[in-house]
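Please examine the sequence and the structure shown below. The paragraphs that follow lead the reader through selected places in them.

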Amino acid sequence: MEPPSDPSFLSDALARLLADERGTATVRALREVQRAVAGAEQRRRGGAAGTAPDAARHPAAPPLHVGAWRLVDTEHGRGLRRRAELTPAELSVWADVDEVPGKGDAARVVLVGESTARGYLLDPVTNPTRALQRHLDTVADRRFQCLDLARTSIDLPDLHRLVRASGHLDADHLVVLAGNNWTTWAYELSGLGDATRLADGLRRDGYPGLRRALFDEVLNPRIGAFLDELLRLRDRTGVQPLLVIPEFNLTGWSPVGGSRYVDVPTLRPDELRRWYDLRARAVAALAAQRWTAVQGAAREMVALDGGLSPVPGYLLGRALLAAGDAAAARQAFEQSRDSLCGLMVKYLPRTPRMIQEQLVTFCREHDVPSVDLRVTLARADQPELPDEQCFLDYCHLSDVGVERAMAEVAGRLTGRTVVPGATDPTVGAWQRAVSLVLAATYNAFCGQPAETVRPYLHRAVEADPDIVDLLASLARLLSRPGPMWSSLDLPRLAREPSAAVMFERLGEYRPDQSRLWFLRQCLAELLAEPAESAVEVAEAAPPSEVELLDIATTPLGGGAVLNYTDPRCYLQANVPTTELPLGLPRPAAGCLRLVHRCREAGPEPAVVTVNGTPVGRLVAGRQWRTTELAVGADVTRVGLNTVRVGWPVPTTSLSDRIDSDVAALARGAAPYVLPVFGELYSVRFVPYAVEGEA
Amino acid sequence: MIVVGVSAFYHDSACAVVVDGEVVAASQEERYTRRRFERGVPMYAYRSCLEQAGIGPGDIDMVAYYENPTKKLGRQLWMLLADGGDRGVGELDAMQPAREIRDRLGYDGPLAVVDHHEAHAASAFYCSGFDEAALFTADAVGEWTTTSCGVGSASGVELRQQVPFPHSLGLLYSTVTSYLGFSVNSDEYKVMGLAAYGRPRYLGALAQLVLNSADGDLRLDTRYFRLRADGAMYTAALTDLLGLPPRPVRAPIEAVHRDLAASVQLLLEELLLEKVRYLHGIYPSDNLCYSGGVAHNCVANTKLRRGGGFRNWYVPPAPGDAGGALGAALLVQHRETGARPTTALTDARLGPFCDGRGAARVLHAAAVPYEDFAGREEALLEATADLLAAGTVVGWCRGQMEFGPRALGSRSILGDPRDAGMRERINRLVKKREEFRPFAPAVVAERAGEFFDLEVPSPFMLEAVAVRPGAGLPAVTHVDGSARVQTVERGTDPRFHSLLERFGRRTGVPVLLNTSFNVRGEPIVRDDVDALSCFVRAGIDVLVVGDLLVRQEDVPGVWREYLARAGSYHDRLAHNDAYSFFV
């Protein structure tokens, strides 16, 4: 046999030069350049797909399909028919509409947007398009036909494409209710150019620089291009755009508490320690209603974190609200809401002020009508703040919110005053109650504390007392072993039209993996059931051994990662307290066996508590160690127990973290951003055998 | 010393644990993520293997990775530069394995890198129980190598000759797989099954793809191959040569397609035989250890074993890339400490244990009737044998999961091989696969010779031999009269052996149809809840999970309805007609 030919030896030599982080980045850069050159060459030859301006000069042939539908010509004009080839998963994010007839003599209104526009947690009972149609039917002196092209989770590029395609729909008005998903979309670095801009910003100005670069250099131009598309569409087809500026449930959403939300990005160790001292002080002051002290601590926190934490703004907002300064409270809550946007860490969709203002400015400068939900959904008593009754979570609207928002849109489209009802008249008491149960479930799934979840359940019971039967089904679903699909209560829950999507998706979870412990707890309280009902019904005795980290048993555990790096087979604590639920059918003595590591900790140990009682300490160290801690039966209880690991503040070097994040961006990966307080590979509770038990 | 082997970032990622020279655990990541051929770092398999080994991450002395990333990068760069283009090329990142093993597995200790074909060879040699052996590996490509040969001895594994990329038996076979409209890197076994229906009338044409195969070498005529990650693997020149258009995906299979499959299968067999005979000539050992993805081809395997010149031979249970994790761990263990397994690995059950307790809790909570045979093993086996003899299809999930692509009696669907309709029934209910694909038999080892023309044990279902005339096994007999046999030793798997025996007592045939416990497009089930779900969705008659026996008629209809709907969210299978060795 011959040895490999010469070219291979050369490429091997090249590989040796490139087989490190810098080499990986180099190869990536070379390939990007190669692609860019090839693209430019292709455009020079006129072979590329038309850019948006080209497309404006040379309108393309109608697309075969728009969203989940294909275009069809009918005797009354262009209509839509649902595409048969799509899977149920693909169809489930669009409106459940088979056919749309031609508009005839009606004015056609197309509504596009994200899950808020889709009517998440309400659809198909109602949704914004239906509400808009109803209002228009009531007040207009001509016929309107509303088309629902909203798609759950649509991102900015797909929205851009959809809007472009909607130019072939003979639309008269295009209502855009979107913006919540735009920032997170920008995290999917589409090319080296974006990554380089972010890396440059990060290298230059730290995490504030990363955030600024993402907004100014990545996101803003894309939003501008999207908005330009609306103008081109107006110029070319006459369709009138109307922008709905999204609002966030500023006072009804808590970014504080639990271990599922980001507190603050990596700071210098002394600053991080000080930041957490201040946080403790602010939380204590808030509980003691010492509003001035809260404000002082929160402002000092912001000075340390550069406005990149949702915590101080939220605490400050609560203090200012309690002190009666709603305008200042709004500012603080907005700062909290916006703080993580652009930082490439996980949070739930939202439209930051920068985007809201960009939309408002665009409308003003180009004479595009708009409906600003910050005004439409404001509280009557404190108009600076949004009305919590209009929301089902952080951004999705209740039927009250939909009613108010779409009345305003109808008014803007018709030039008439449309008075919204107190609620959507097509939504009955039972359906409203169902939507509130779904809201409780979704808020719990998102990691909201019991204080946020509980009111939705109470409102559901107030809306329709008969809902307790459904709540009992939900409680049984959550307290059974095995995957949820095996519960006979699942069909009962999924039978509700608006609930089907949520429960079908939850079906593959196992209750202990479903993040719904708080919901179980709240349901048990509400239904006045004994605490042990929140524990697996089949367990007469504590299991011989139970792993508390769901990362150990299912890929779903990968959700523990609070940034966009790939999941790990162990948990990295990005906040100082790791909380783990332990369900017990009765108090039990046992051993907590933890496999842990603190690579960036100082000499202080981590402290482990069960239901608030200290049970031991974890010695800091760079290597994985196993620590066994005895737990007395007297510190455990029936039902939900909480094991907490309180980590010392880490000594992470900010400059090292930034360097490694710059390197990650250079290879097209997500930056880490966050501090690591400690790491857990396994946390097991091993009950001691009780005499008389097997 | 504890060594953990890892294979990842191509396909079939896996993890294995070797402690003081003994294989303690091994499993494939796809069984946990439920994505076939999972390529990501095996974080769930890693956790599972450590759990089985009774160790924590701090106990590991060394991690062994199954491929040299720098050498692989060299080949990727060569392809990239030679190709002059960039379409479909994945990330070129030689740091990825080390970075992800450290970051995503949380491992901080020493990391050893083993060449890809060394890992293949080691997985065969160290598990063979041979003191010395000739070594032969063949796959698509690993780093630069596509085929290698060498020797294994007390001093370790030494590969002395290799065929460089792109001259590859695996790529040759995959190219025709692609031409026949099947998915590359997964559907090669379909081509093997289809081959039995055809006549090798394209052999002469296909032989022109091979320029030289003398003395263990191989040179392909690259004009016919398009070895890029995007698009088909063949060029128009191949169409011209064959005078036959490529078969579109999911188009009807016609005689010409069967003939082309027969031709490429025969060509592969001839080329392999040539290589192995050459190897025997230069390393005239009694023993041959054979591994690599091509060793999945059981039809060729039997011909090699019989015609290659070696007296004894060993193919490991996972000859493909998953097995590379095991080979890398064994090789590093031997290099570091001199420790190695002292006996042959004849039991592929190296994965996590299923005892049925999870299923019991689910069934109990839903008030679904089931029989619990805990402590009554004999009764369970008797009841199952009765059901099988009565024509019942049984899902069988007990004990430790097998390592490798085959279900060998721990995660299996079982049926009566005497029933001519059984193949069609299981295909319709469970597998929903092409009708030309045969099902395999499991047989008690001591009576294998009565039913099959098989003179050696075949514990990993890696041999295809003739079914004896009059054996009466239509459900497991392929159109050419062959069967892909698994022999079951009493000492290796007494439970499964006993089931076969009891079935034999009732029917005179200690043979069962044994196919993997999964539905089309999904990996084999791992735990009891996977098994329960698959049982319900597929409509299998009876499930034996751990010590429990559940009947389909007792399952609530709402389970079936829900799982049917949920399944529709996952039923879109990605078709892969391009070779993905770049990524």
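**A walk through the two chains**

A:Asp141 is exposed, as its relative accessible area is 66%; here buried means under 20% relative accessible area, exposed over 50%, and partly exposed in between, with a 1.4 Å probe and protein chains only. This is a predicted model, in which local features need pLDDT of at least 70, side-chain atom pairs count only at pLDDT 80 or more, and totals for chains, interfaces and linings use all residues. Residues are numbered from 1 along each chain as its sequence is written, chains are lettered from A and ligands numbered from 1 in the order in which they are written, and side-chain values use heavy atoms, with hydrogens and water left out.

A:Asp141 sits in the loop between H6 and strand E6 (144–148) of chain A. Helices (H or I, at least four residues) and strands (E, at least two) are DSSP runs, numbered from the N terminus. Although A:Asp141 and A:Thr414 are 273 residues apart in sequence, their C-alpha atoms are 8.7 Å apart in space. The side chain of A:Asp141 also joins that of A:Arg416 in a polar contact of 2.9 Å. A polar contact is a pair of N or O atoms within 3.5 Å; within protein, one must be able to donate a hydrogen and the other to accept it, and residues adjacent in sequence count only if both atoms are side-chain atoms.

Chain A also holds a cis peptide bond, which joins A:Asp123 and A:Pro124 with omega of about 5°. A:Pro124 belongs to the loop between helix H5 (115–118) and helix H6 (128–139) of chain A.

Aromatic rings are the next topic. Rings of Phe, Tyr and Trp (its six-membered ring) pair if their centres lie within 6.5 Å; planes under 30 degrees apart count as stacked, over 60 as edge-to-face and the rest as tilted. Over all chains, the count comes to 24 aromatic pairs. One of them is the edge-to-face pair of A:Tyr187 and A:Tyr347, with 6.4 Å centre to centre and 80° between the planes. A:Tyr187 lies in the loop between helix H8 (182–185) and helix H9 (192–237) of chain A, and A:Tyr347 in the loop between helix H13 (326–338) and helix H14 (353–366) of chain A, so the pair ties together parts that are 160 residues apart in sequence. A:Tyr187 counts as buried because its relative accessibility is 7%, and A:Tyr347 counts as buried at 12%. Elsewhere, ring pairs link A:Tyr120, A:Trp253, A:Tyr261, A:Tyr394 and A:Tyr442 into a cluster.

B:Gln486 is part of strand E20 (residues 482–488) of chain B and counts as buried because its relative accessibility is 3%. Its side chain reaches the backbone oxygen of B:Leu408 at 2.9 Å. Contact means heavy atoms within 4.5 Å. Leaving aside neighbours within four places in sequence, the residues in contact with B:Gln486 include B:Leu408, B:Pro441, B:Val443, B:Met461, B:Phe496 and B:Asn514.

The backbone of chain B has its own points to notice. The peptide bond from B:Phe165 to B:Pro166 is cis, with omega near 10°, and B:Pro166 lies in the loop between E8 and helix H6 (169–179) of chain B. B:Arg34 is not a glycine, yet its phi is positive, at about 65°. B:Arg34 is placed in the loop between H1 and H2 of chain B and counts as partly exposed at 27% relative accessibility. Another residue other than glycine with a positive phi is B:Glu143, where the value is near 50°. B:Glu143 occupies the loop between strand E6 (133–142) and strand E7 (145–153) of chain B, and at 3% relative accessibility it counts as buried.

How many residues does each chain bring to the contact? Chain B gives 69 residues and chain A gives 66 residues. The area buried between chain B and chain A is about 5500 Å², and carbon and sulfur atoms give 56% of it; buried area is the accessible area (1.4 Å probe) that two parts lose on being put together, summed over both. Between the two chains there are 6 salt bridges, a salt bridge being a side-chain nitrogen of Lys or Arg within 4 Å of a carboxyl oxygen of Asp or Glu. B:Arg104 forms a salt bridge with A:Asp566, with the closest N and O atoms 4.0 Å apart.
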